[in-house]
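I opened this model to look up a few local features and to write down what I found. The entries follow the order in which I worked.

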Amino acid sequence: MKKTWWKEAVVYQVYWRSFYDSDGDGYGDLQGLMEKLDYIQHLGANVIWLNPCYQSPDKDNGYDISDYYQIMDKAGNMKTWETLLHEVHKRDMKLIMDLVVNHTSDQHPWFLESRSSKDNPKRDWYIWRDKPNNWRSYFTPSAWEFDKTTGQYYFHSFAIEQPDLNWKNPEVREAIYEMMRFWLDKGMDGFRLDAIALLAKPDGFPDAANPNDIRYLTNHPGLHDYLKEMNEKVFRHYDIFTVGEVAFVTPEEGLKYVAEDRQELHTLFHFEVCDEMPSWDPLRFKQIQKRWYEALWGKGWNSQFLNNHDHTRQVTRYGNDQEYRMESAKLLATMLHTLPGTPYIYQGEEIGMTGVRFPSIEDYNDIAMKNKYAEEVAKGRDPQEVLESLQPLSRDNSRTPMQWDDSEQAGFTTGMPWIKINPNYKTINVKQALADPNSVYHYYRKLIQLRKERLEMVYGTFCDYTENEPYIYAYTREWEGQRLLVVLNHCDHANHYELPKALTATNRQLLLNNYQDVQETGNILHMRPHEARIYELE
Ligand code: NOJ
């Protein structure tokens with residue numbers, strides 16, 4: 001297994017608008033991030049993934065870019081961004097930028113030109129048709145929007161304000177590659193590539209048999225040619241790290257994106273858990289881990305995450321955010337940092353931040369949720385019922401501001417935050433977590449430190465001993481003659497786990513656990529609710 005810095009990395013995702021506001025306008029900003037870099041460094045993460053901060057009308061929180069070469073006013077300016085990069089590097093950390101190349105904003109000059117007339121030279125930079133097909137977009141009932149000026153429809157995989165670029169057009173591709181080089185030449189360390197599985201579109205856009213199953217938006221022939229070209233013309237000329245957001249992909253298809261011998265991307269996020277497993281389903285989760293491991297191991301690299309800015313906080317969605325919040329947050333961390341792949345921490349996860357239920361749709365900002373709400377209410381459904389059905393998975397669950405302390409607005413801003421603070425900030429906040437040696441935060445620190453010392457956690461082969469066990473997850477990671485055993489009791493009650501023969505022949509030494517002590521009788525481990533342990537097997 002080839003060693004690389006990005007395999008050993010621990011990535012910390014910064015949703016900057018909700019991270020730290022340095023100027024009191026209610027939005028987090030790059031200066032604010034800079035002021036908190038020591039915090040991230042102290043945690044031990046060494047790569048920062050920064051959500052999009054390019055110029056944008058901000059209809060989809062920066063995922064609608066109107067100028068790839070400028071920084072959004074709310075975030076700061078190019079000078080602040082350059083200082084940020086410098087400060088990140090000074091701390092021996094890396095910065096990867098989120099980049100959206102499947103679509104632009106409808107305010108991007110390319111699109112303004114494209115929509116202006118049928119014979120404009122940029123017409124073919126986007127996708128225009130006389131008639132729509134029956135596809136939905138992620139955010140709207142139709143993926144096509146009629147444009148009065150020229151009497152045609154344009155295609156958008158997301159909001160109406162996010163027209164898709166036409167990747168078939170070589171001029172588009174060249175313009176994107178040039179822009180990528182512009183950023184990489186500034187010395188940043190890679191990209192998180194948004195919606196990358198959507199670049200290729202099918203010939204003729206045939207109608208879908210089931211328009212509600214939007215898998216048809218992804219993974220069309222031609223995609224890998226674009227990624228190969230992107231790599232050849234851009235990525236391979238830099239020492240960078242690329243991670244693609246790849247929805248609706250099987251492990252076998254996933255390998256095509258990340259196989260080292262194909263030279264496309266380094267890693268991917270697949271969504272077999274976050275998109276396709278609505279609530280905790282242990283047997284299914286284990287199967288997903290095993291299948292991806294078997295398909296990728298030794299050939300390409302995976303990622304580990306259970307939440308991000310699009311997905312409800314992990315301790316709320318997949319753990320227990322009430323009685324066992326701290327234990328559960330620590331267990332999920334243990335799992336993510338010991339399963340094969342690069343682990344991601346979404347800001348606030350390291351203090352066990354939770355999801356939120358706001359009382360009114362007015363309190364929400366998420367365009368996906370708001371559009372869906374309007375669509376359902378227009379069908380005559382009861383608004384309160386619609387609100388309640390959308391709350392659990394609203395993207396705003398994870399977008400509420402970082403809870404720094406128990407002062408007004410959680411110490412996030414001196415102004416009015418762009419979105420409400422989670423009311424539990426008085427008890428869940430960074431100040432409290434730093435002061436408590438048993439906090440989730442300090443556990444993350446130890447875990448990350450351990451991952452740096454024990455490369456089995458990175459490069460070790462993986463073996464699951466509990467495939468059919470509904471509660472206990474026990475697996476080993478083995479590398480260069482060293483073996484670690486991870487045992488997790490992912491549930492609200494106690495369980496015993498008797499170690500199988502294969503794991504009892506050796507001495508075991510406890511390296512990390514999320515309770516004050518461990519209880520075991522011989523080879524029987526007594527696991528309390530949400531207990532997590534890492535042993536070394538000698
Ligand atoms: C995925 C991003 O993570 C999400 O926030 C965004 O809305 C869509 N792609 C569209 O760019």
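**Entry 1: a loop residue with positive phi.** I began with Ala-195, which I found in the loop between β9 (190-194) and α7 (223-233). I kept in mind that I was reading a predicted model. The phi of Ala-195 is positive, at about 45 degrees, although the residue is not a glycine.

**Entry 2: another positive phi.** I then turned to Glu-480, whose place is in the loop between β15 (472-479) and β16 (482-489). Here too I read a positive phi, near 45 degrees, in a residue other than glycine.

Entry 3: Next I followed the strand order β17-β20-β19, which makes up an open sheet of three strands with antiparallel pairing. Which strands stand at the edges? I found β17 (495-498) and β19 (519-521) there, and each has a single partner strand, so one side of each is left without a neighbour in the sheet. The twist from one strand to the next averages 25 degrees. Looking at one of the pairings, I saw that β19 and β20 (residues 524-527) run antiparallel and are joined by three bridges. Within this pairing I noted that Gln-519 has His-526 of β20 as its bridge partner.

**Entry 4: the sheet with β6, β8 and β7.** I also traced an open sheet of three strands in the order β6-β8-β7, again with antiparallel pairing. Its edge strands are β6 (128-129) and β7 (144-147), each of which pairs on one side only. How many bridges link β6 with β8 (residues 152-155)? I counted two, with the strands paired in the antiparallel sense, and I saw Arg-129 standing opposite Tyr-153 in β8.

**Entry 5: the annotated span.** Finally I consulted the UniProt record, an unreviewed entry, which lists residues 13-399 as "domain: Glycosyl hydrolase family 13 catalytic". In the model, the end C-alpha atoms of residues 13-399 lie 12 Å apart, and I noted that the span is 31% helix and 13% strand.

Note on methods
Residues numbered from 1 in each chain as written. Predicted model: local features only at pLDDT ≥ 70, side-chain atom pairs only at ≥ 80, totals over all residues. Heavy atoms only, no water. UniProt positions renumbered as here; feature names shortened; annotations may be inferred. Helix = DSSP H or I, 4+ residues; strand = E, 2+ residues; numbered from the N terminus. Pairing = 2+ DSSP bridges. Axes fitted to C-alpha atoms, helices over the stretch in contact; angles between N-to-C directions.
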